[in-house]
Structure formats: C-alpha cells, structure tokens
Amino acid sequence: MPKQRHNILILNGPNLNMLGSREPEIYGIQTLTDIANDCEEYAGELGFTIDFRQSNSEGELVTFIQQARGAFSGLVINAGAYTHTSVAIHDAIKILEIPVIEVHLSNPQAREAFRHHSYISPVAKGTICGFGGHGYILALNALRSLLDDEG
Ligand code: DHK
C-alpha cells in the first residue's frame, strides 16, 4: 500500500550555513546544500515533501515554528547554538502539536560543558546526534515510522 504523503519542515539554526568550511573536523565537509539535496532525495523515497530552511535569527526560527502549525506533519530541527540558550524556541515547539526530532551533526555530550544542556530535548520526541549529515536522514526515517504509527 502506498504510504501517506506528508510535508516535513527541516530547520537549521545559526552558523549551519557555514558547513563545509566551518570546523570540518567537528562538523564534516558536507555543505548545508549537500545535506538539503540528500534530504530531498531521501524524502522522495519515504513519501515526504520537505521544506529545508536555515536562519541565523532566533526570532525567525520561532516564526517558522509557529507557521508550521497546520502546514507540516513533522519537524526536524538543528537549532545550532540556540539549542543551548533558547527558551523562546523551546516554548514555540511546545505549542506545536506535531512530532519534533532534534538533530546535531556532532555529539554535544562529548564536547564543552556549555553544550551539554539542550532546551530542545525536553520538547522533542527524540534526539539524533554524532552522525554528521546522516543524522537528518535518520530523523526522516524516525518521522516516517512515527507518522505511520499515528495512522
Ligand atoms: C551545531 C552548532 O552550531 C553548535 O552550536 C551545537 C550543533 C552543536 C551540531 O552539532 O550540529 O553545539
């Protein structure tokens, strides 16, 4: 039976537009465009349509999350450094009634202490970290099974 199609929003926070040249030993050599292209291709196989966005602005990310209500069935978010600081993004996600998967390219738990706390984790269904750009693909897979289970 064909899977039900869903719209998925993928949000990327500050400095993720610099991937490829930004600390490649930590974040890898893929650019954000490479990751977006991989997601686009894989989403097609899963029966998803994706909207892949990046912003350096906390307020803009909050607005994107607010606008996701009614327009998307799932959210994948790498909030970048706002992960560790943003009560505003935490609150915006709390209002959303769709599954949210938190993604990080690196493993923040294996890095500096200030990266160990996430404001996103308590309002996410789950977190995927440490697998570079492949984490986004894992997150799309997680959303596919969550949405299938919802029926
Ligand atoms: C990305 C960032 O920009 C950092 O501020 C986070 C995260 C980790 C990542 O690994 O994708 O601490």
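The charged end of R22 lies over the ring of Y27, 4.0 Å from the ring centre; a charge is taken to sit over a ring if NZ of Lys or CZ of Arg is within 6 Å of the ring centre and within 35 degrees of the ring normal. The charged end of R53 is likewise placed over a ring, that of F64, with 4.7 Å to the centre. The model is predicted, so local features need pLDDT of at least 70 and side-chain atom pairs count only at pLDDT 80 or more, whereas totals for chains, interfaces and linings use all residues. Residues are numbered from 1 along each chain as its sequence is written, and side-chain values use heavy atoms, with hydrogens and water left out.

The secondary structure of the chain consists of five helices and five strands, where helices (H or I, at least four residues) and strands (E, at least two) are DSSP runs numbered from the N terminus. The order of the elements from the N terminus is β-α-α-β-α-β-α-β-β-α. The C-alpha trace spans about 45 × 30 × 25 Å along its principal axes. For 151 residues, a compact globule would have a radius of gyration near 15 Å, and the 14 Å of the chain agrees with this; the radius is taken over C-alpha atoms, and the globule rule is 2.2 Å times the number of residues to the power 0.38. Of the 151 residues, 47% are buried, that is, under 20% relative accessible area, with exposed meaning over 50% and partly exposed the range in between (1.4 Å probe, protein chains only). Of the contacts between residues at least 6 apart in sequence, 77% join residues at least 24 apart, a contact being heavy atoms within 4.5 Å.

The buried residues of α2 include L32, I35, A36, C39, A43 and L46. These residues cover an arc of only 100 degrees around the axis and therefore lie on the same side of α2; the arc is that of the directions from the helix axis to the C-beta atoms. An α-helix has 3.6 residues a turn, so residues three or four places apart point the same way. On the other side of α2, T33, E41 and E45 are exposed. D34, also in α2, counts as partly exposed because its relative accessibility is 33%. Just after α2, G47 adopts a positive phi of about 85 degrees.

The cover over the buried residues of α2 includes β1 (6–12), β2 and α5. I50 is located in strand β2 and is buried, since its relative accessibility is 11%. Residues up to four places away in sequence aside, I50 touches I8, I10, A36, C39, E40, A43 and L140. I50 and E23, 27 residues apart in sequence, are separated by 27 Å from C-alpha to C-alpha.

One aromatic pair is present in the structure. The pair is formed by F52 and Y136 and is tilted, with 6.1 Å centre to centre and 35 degrees between the planes. Rings of Phe, Tyr and Trp (its six-membered ring) pair if their centres lie within 6.5 Å, and planes under 30 degrees apart count as stacked, over 60 as edge-to-face and the rest as tilted. The two residues are 84 residues apart and link distant parts of the chain, F52 belonging to strand β2 (residues 48–54) and Y136 to helix α5 (residues 134–150). Y136 counts as buried because its relative accessibility is 0%.

In helix α4 (residues 87–95), the buried residues are I89, H90, A92 and I93. Their arc around the axis is only 165 degrees, so they lie on the same side of α4. The elements covering them include α3, β3 (74–78) and β4 (100–104). V62 lies in helix α3 (residues 58–67) and is buried, with a relative accessible area of 15%. Apart from neighbours within four places in sequence, V62 is in contact with A88, I89 and A92. The C-alpha atoms of V62 and H134 are 25 Å apart, at a sequence separation of 72 residues.
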